[in-house]
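Please examine the sequence and the three-dimensional structure shown below.

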Amino acid sequence: MTTKEHSMLLQKQMIAGHYDALASAREDGKKVVYTFVPGNLNELVRSFDLLPVLPEINALQSGMRKLSGEYIAEAEKHGHSEDVCTYVKCDIGMLKKGNVGPTGKPLPKPDLLLLSYTGCFTFLKWFELLREEYGDVPVAMLHVPYQANGRIEPHQRDYVVQQLRTEVIPKLEQISGRAFDEERLREMLRLSARAEDDLVWTMESAKRTPSPIDAYFGGVYYIGPIFSAFRGTPEAVEYYAALRREVEERLEAGAGPITPEGPMTREKYRLVVEGPPNWTSFREFWKMFHDEDAVVVASTYTKVGGLYDRGFRHDPGRPLETLADYCLGCYTNLSLPARVDLIERYIREYRADGFLINSVKSCNSFSVGQLLMLRQIEERTGVPGAFIESDLVDPRYFSAANIKNRIESYLQMLDQKQGPASLPVRIDGGAAA
Amino acid sequence: MTLNELLALARSLSEDIDLVAVARWKERVPGRKAIGHMPTYVPRELIHAAGMLPVGIVGGGDRLEIIRGDAYFQSYICRIPRSTIELALSHRLDALDGLLFPSICDVIRNLSGMWSMLFPDRYVHYVDVPQNFDAAVGGMFWRRELEQLRSDFERIAGVTITDDALRTSIAVYNENRAAMRDLYRARSERPWIYPMSESWHLLRAGNVLPPEEHTKLVRDYLALAPGQADRRDQDRSRVVLVGMFCEQPPHGLVLTLERAGCYVVDDDLLIGLRWLQDDVATGGDPLDQLVDAYLHHSAMSASRYEPDGNRARSLIASVDRNAADGVVFCAPSFCDPALLDQPMLVAGLDRKGIPHTEFKYSEDTGQFAVIREQAGTFSDSIRLWSGAAGS
């Protein structure tokens, strides 16, 4: 970014520090747990003084650093199908090439694979594949049932809690050599809830016009710490407090989102976006929106690690049950009708002009049904939608010209629909010339 | 009935994408209901015990033109959901009073939500099988799911499913599974008598027939097939076919493999019908028995977590048990479970020195020349080199 926010620098330090800690984990006598972002049990893992590694984060970081194409090719060379998830292949390829992490430092082997099978079938196969690669590494399997009925059923919660008690915690105790400390977990959950409050405030600031944030491209940075290794830590609380202060300042100043191209000066379109971003051309993708004065005011991808904006908070009063509810409530664990309901609410609550689906080839959990979702949302809201296709980290599936053309055409269509009365809002509050 | 007549019947049933047989079954007794299910495991006994007909839905195969179904799916998604939507939109599934979606993968999972949005008046249920196999944990969860299904089926059928009725249905399905086990055993022992191109139809007939009738069909076939004088052993390689547990290959693909010199001695075709590997106990609490059978006697499949860390074990056991010469990976394009599983299975086979080859299909694949060439080369290489390697 041309204007680095304090919070962004803070996050960069946090991430670099975490990768440093991983690189020296063996020397420091630290054990390492690999796990997934949706439904991650960061507080529980941290309460045993274990270090989390999130292969999806490694993959997306590799995508942003233009390393993923090479890793995917390596995995395909070893027999992994061109048809399957590129996060998996990026991870396997990175492993085959020495398991050097995105910051250039080696990643330690896992001491435990914590298979939080939440909202994505591929997770199950991913860690079975890693188990095959690493040999004797134990796996703790946490099967999180699907919210097919659009709500958490009591027996689903019981099932997850029982698995925490009988499968996950015993294995964490075993590899850490420490007994489960419920009070320590409660304390971390308290910290989680504080950070979650500030995250929600930040994301909901986009309800203001003009929005001080971009809730998709900027949003993926905002969710970084809380969806990954930092939820439940004092660093996360500090980060989200700093982020909130920044956004408050921008609100007071009437300033808009900060983008890699500089601060946005106009807000012409307010959009809701469904689906993950493309990581290999992330900046180019964002610029396409920036160039059209389009701001994303709400997104579903920023809910894959929890729907805090719908009221969920980690609750220290019921530590295992709250972890279960967290796992069950992640966005990709919602039924399709519930996802449609959520997007409809976002369009209304954030007064969006349009919504766009970025359908990624890698992720059937997100992608299957999106064409029907598009129609349903259009029918319910009267707001036209757009549909583009790309991938997570496979550079072969990002066609910049096609995507740019599609976005521009869509926004022109919105112009025609809205008519001349719709003027862009200058970021200082008035209508732009 | 002659063998040819029996096979003609089996073929008509296996190709019955209009569910004519189901509609006729319903017409015979007014008020009858039928519950469909997508591939892999659902507890068919519960549907049967409610007096309803369980109906396996396996997409449209190569006999259905997709007109509207493609509009619902991106190009990189497998074919079975689009053809299943097509079947429904073209009213070919109207005989069904509900549809179950087992937890195979994210495609079928999300299809359950699409179904509830497209057909809001129809019964839809996502069958979330446990991936934890501890009786007190996964077993308890599965029992609650079964209780929910029991309650749903009672409501749809307007009956009470008594424990005795459920025990009777368990016994009926035990016989059905035993017949299918016998079919596979016979095919493995004498594949020239019981070729896969015939058992393909026989198994698929089980999607639309009541289990009692299906059991009889399989038993009759087992009795009739040896009477064909022209069925003689040929110099072919014995292969296990893997990857077809959900979207089905076209029948032409199976014929192609046979013509390319392969005896298919085991496969995972319609594994859901044969999911429980042993008889389910008919004493005690029948729901508990179904739970126990699922936890401890399930088939290994790509959709099921393998807690012991050896994905290839059951495949290697099949190769050994059936004296197979090699494995053919035959998976649908874009099938996450099969294609993500494959590297682990390949690694296991390589460690054992078991030959293998692989290709992909979609249910409407119409060109088999490349597959024939590949399978023929594989079969030839096994016959030519396996002996040499062992000598």
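Across the interface of chain B and chain A there are 5 salt bridges, a salt bridge being a side-chain nitrogen of Lys or Arg within 4 Å of a carboxyl oxygen of Asp or Glu. In one salt bridge, the side chain of B:Arg144 meets that of A:Asp158, with 3.1 Å from N to O. The model is a predicted one, in which local features need pLDDT of at least 70 and side-chain atom pairs count only at pLDDT 80 or more, whereas totals for chains, interfaces and linings use all residues. Residues are numbered from 1 along each chain as its sequence is written, chains are lettered from A and ligands numbered from 1 in the order in which they are written, and side-chain values use heavy atoms, with hydrogens and water left out.

The interface also holds 30 residue pairs in polar contact, both residues being at pLDDT 80 or more. A polar contact is a pair of N or O atoms within 3.5 Å; within protein, one must be able to donate a hydrogen and the other to accept it, and residues adjacent in sequence count only if both atoms are side-chain atoms. On the side of chain B that touches chain A, at least two residues each come from α5 (106-118), α6 (135-157) and α13 of chain B. Helices (H or I, at least four residues) and strands (E, at least two) are DSSP runs, numbered from the N terminus. The greatest share of this side comes from α5(B), with 10 residues.

Chain B brings 49 residues to the contact and chain A brings 52 residues, where contact means heavy atoms within 4.5 Å. About 4,400 Å² is buried between the two chains, and carbon and sulfur atoms give 60% of this area. Buried area is the accessible area (1.4 Å probe) that two parts lose on being put together, summed over both.

After α6(B) comes B:Gly158, with a positive phi near 70°.

On a 1 Å grid over the protein atoms alone, a cavity is a set of points where a 1.4 Å probe fits but cannot get out, and a pocket is an open set with protein on both sides within 12 Å along at least five of seven lines; lining residues have an atom within 4 Å of a point. Grid points are joined across faces, edges and corners, and a volume is the space filled by probe spheres set on the points. The structure holds 12 cavities of 30 Å³ or more.

| Space | Volume | Lining |
|---|---|---|
| Largest cavity | about 170 Å³ | 16 residues |
| Second largest cavity | about 130 Å³ | 15 residues |
| Second largest pocket | about 970 Å³ | 43 residues |

Nearest the centre of the largest cavity lie B:Asp16, B:Ile17, B:Gly56, B:Val58 and B:Gly59. For the second largest cavity, the residues nearest the centre include A:Tyr117, A:Tyr146 and B:Asp106. In the second largest pocket, α7(B) gives the most to the lining, with 7 residues.

Over all chains the count comes to 73 salt bridges. One of them joins the side chains of A:Asp291 and A:Lys287, at 2.9 Å from N to O. These residues are separated by about one helical turn because they are 4 residues apart in helix α12 (residues 282-291) of chain A.
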